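Opening the notebook on a two-chain model today.

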Amino acid sequence: MADKDETDTVHHHDNQDNPIGHSTHDADVMSETRLGDYWRANLRLLGWLLSVWFIFSFGLGIVFADTLDSFTILGFPMGFWFAQQGGIYVFVILIFVYVVRMRNIDKAFGVSDEDSGTGDAL
Amino acid sequence: MSVQALTYVFVGLTFSLYIVIAIWARARSTTDFYVAGGGVNPVINGMATAADWMSAASFISMAGIIAFMGRDGSVYLLGWTGGYVLLALLLAPYLRKFGQFTVPDFVGERYYSKAARVVAVICLIFISFTYIAGQMRGVGIVFSRFLEVDISVGVLIGMGIVFIYAVLGGMKGITYTQAAQYCVLIFAYMVPAIFISILVSGSPIPQLGFGGTMADGSERAVLETLDGVLMELGFGAYTAGNKSTIDVFAITAALMIGTAGLPHVIVRFFTVPKVSDARRSAGWALVFIAILYTTAPAVAVFARLNFVESINEQTYAETPAWFRNWEDIGLTAWRDKNEDGRLQYRAGAAFAGTPAFTGTRSDTGERLLSNGVTSNANEVYVDRDIIVLANPEIAGLPNWVIALVAAGGLAAALSTAAGLLLVISAAVSHDLLKKTFSPNLSEKQELLYARIAIAVSLGLAGLFGIYPPAFVAQVVAFAFGLAAASLFPAILMGVFSKRMNKEGAIAGMLTGLALTFSYIVYFKFVSPNLNTAEYWLLGISPEGIGFIGALLNFAVAALVASYTAAPPDSVQALVDDIRLPISAGVAHHH
């Protein structure tokens, strides 16, 4: 597994010198580099969102819940509120943040499926 | 009008609506049948996903379970919603891009292996049947209590309705009926919740009401009042938990991962037109689910308060009618242990097991029991499942609200049952017949087999409903544990690791399954008397073992894959392709 990843990275460094020429080269074919960049942007976003997901559910609602209970929020002990209310609200928000941010990433890399007219423009 | 007459009206109206929709949305091709033609609006799909997901367990049982578990009930609230974040971010868009019919389809193609596909089919069938048994029990309870028909007649009526729209309409019929069922069930859930919230806390928003103060003029916080009442009766405080932190952590994780791995939920994202729609649809699904899931803990608090206040220290003759009605079908019972003629509701089980009625009544009127008594002071038996259904009666709400809740409970049970039947039939007709054993099947034949498979599984599900196996409650942990330990890791690695090969995936699935399966069987069936924290692995209960199973799956798969050959180029190209929302070819340098 490790071997393959290393060769991948080497490729990317090679191509970094001329990033633009590659992607305009052929409209419906994406270079491996561009795909790699797109995928890393996606993974970076997932990393952020899943950290927030973890902190608000497992962190505040479970692991640190007892400590948080000495504070109140909307009349609730705070740990209890995160476990039975707040965590769920955070989940909903996270998915919509993901939808919007992914839409932007898709557009930036010209792989958006939202308007078929502009989708393969870049 | 009487509750019964109103219930007939509400149930009759909603059932007619489902049938009209089914006829309108008939399936004409396998694409219609398996994935609703792939043309469902993402918001409608979100609604259908919510109804698909929110089963009799969510609608009927969950608030009751939380009412009696208190803080520990959080595992269900976080576990059954947090899984949607995993689903939306890690699975749904890629599976939509993959664009086939079933979950085993993905596993089979990605791991270029019929064996992997068959392992996935077996997991899927096991998970889905476990789930269906619970739905049919829910249908039976609603019918026998509110329409006063035999449970078996109730189950048969329910089966008839599902048969019409699932067999006729396939996924297309199911999707649009599920959207309608969502509207029915959420209305039926919210109306009594709002009424009760106003009654207890004075706030029309249940989510805020249970953090507010009592409306009885005492100015005490609702939660504080409940903690006080329960502690006086020998229970632990409602806002304090009994489970260890590590167990709560593991159960929540197992439920989250399991939710994201449930085939009948995943397959809903195959029905939207585009990848971006699959992402949005998951968001909408969680919005619709969150409305019920943030209300449930409020209902739980109000119901527990009402319940204690309306029965504790009453004589049998003074108990509200609902207590006696539910006693008639065996879901509540009273044993006057201290012979003072009053119901004492305290901590602990009133007697061993479920009520065994002798068939006669005492002078005061309660049904006599033959169960051996326990030494504690509690005299009241109550099945947790009645809390949501009895709540409108407990709170003294008008008859139409009670009838509405009955229709909502049926909508929840039927929508989930239909979704489950569909994935089972698709697994049999598509994955086993078409893709594994007889590839020459024409589309028409495949469709016929799919319909036959639905009818047969419906028959089996009905049998579960009429003769509920005693182990239903114990095996629910199975459905989530197995989904978490088998399907979720296999799909996730299929998308996020190009290097994951069939040897790794199969070894991972089988190890995850073996650990989870044997752990649950050991503690639930072989040695239930050892099912306590001191004997558990790392203090994790059978409900949470799916989390460890999933971790083990990942570890074993990575290890095995690193010693075996990389997947063929065509499969690596497939992974490249599903990572992109549009089908841009990828130029390889070699």
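My entries follow, grouped by topic.

**Ground rules**

I am working with a predicted model, where local features need pLDDT of at least 70, side-chain atom pairs count only at pLDDT 80 or more, and totals for chains, interfaces and linings use all residues. Residues are numbered from 1 along each chain as its sequence is written, chains are lettered from A and ligands numbered from 1 in the order in which they are written, and side-chain values use heavy atoms, with hydrogens and water left out.

**Entry 1: the A–B interface**

I noted a buried area of about 5,000 Å² between the two chains, 72% of it from carbon and sulfur atoms. Buried area here is the accessible area (1.4 Å probe) that two parts lose on being put together, summed over both.

Next I checked polar links. I got 6 residue pairs in polar contact between chain A and chain B, both residues at pLDDT 80 or more. For a polar contact, N or O atoms must lie within 3.5 Å; within protein, one must be able to donate a hydrogen and the other to accept it, and residues adjacent in sequence count only if both atoms are side-chain atoms.

The rule wants a side-chain nitrogen of Lys or Arg within 4 Å of a carboxyl oxygen of Asp or Glu. The partners are A:D106 and B:R279, with the closest N and O atoms 3.0 Å apart.

**Entry 2: aromatics**

I counted 35 aromatic pairs over all chains. Rings of Phe, Tyr and Trp (its six-membered ring) pair if their centres lie within 6.5 Å; planes under 30 degrees apart count as stacked, over 60 as edge-to-face and the rest as tilted. I picked B:F59 and B:Y189, an edge-to-face pair at 5.3 Å centre to centre and 70° between the planes. This pair links distant parts of the chain: B:F59 is in helix α4 (residues 56–69) of chain B and B:Y189 in helix α8 (residues 151–201) of chain B, 130 residues apart.

Buried means under 20% relative accessible area, exposed over 50%, partly exposed in between (1.4 Å probe, protein chains only).

I also wrote down one aromatic cluster formed by B:F68, B:F235, B:F307, B:W322, B:F323 and B:Y345.

**Entry 3: positive phi**

I found B:E313 with a positive phi of about 65°, although it is not a glycine. B:E313 sits in the loop between α13 (275–311) and α14 (321–328) of chain B and is partly exposed at 30%. B:E339, also not a glycine, has a positive phi near 55°. B:E339 is in the loop between β1 (332–334) and β2 (357–361) of chain B and counts as exposed at 70% relative accessibility.

**Entry 4: salt bridges**

Searching the whole structure, I get 10 salt bridges over all chains. B:D105 pairs with B:R117, closest N and O atoms 2.8 Å apart. B:D105 is in helix α6 (residues 103–110) and B:R117 in helix α7 (residues 114–147) of chain B, 12 residues apart. B:D105 is buried at 0% and B:R117 is buried at 5%.

B:R117 also meets B:E109 in a salt bridge (3.4 Å, N to O), and B:E109 is partly exposed at 34%.

Last, I checked B:R361 and B:D328, whose side chains meet in a salt bridge at 3.0 Å, N to O. B:R361 lies in strand β2 and B:D328 in helix α14 of chain B, so the pair ties together parts 33 residues apart in sequence. B:R361 is partly exposed at 44%, and B:D328 is partly exposed at 43%. Salt bridges that share partners join B:D105, B:E109 and B:R117 into one network.

Definitions and conventions: Helix = DSSP H or I, 4+ residues; strand = E, 2+ residues; numbered from the N terminus.
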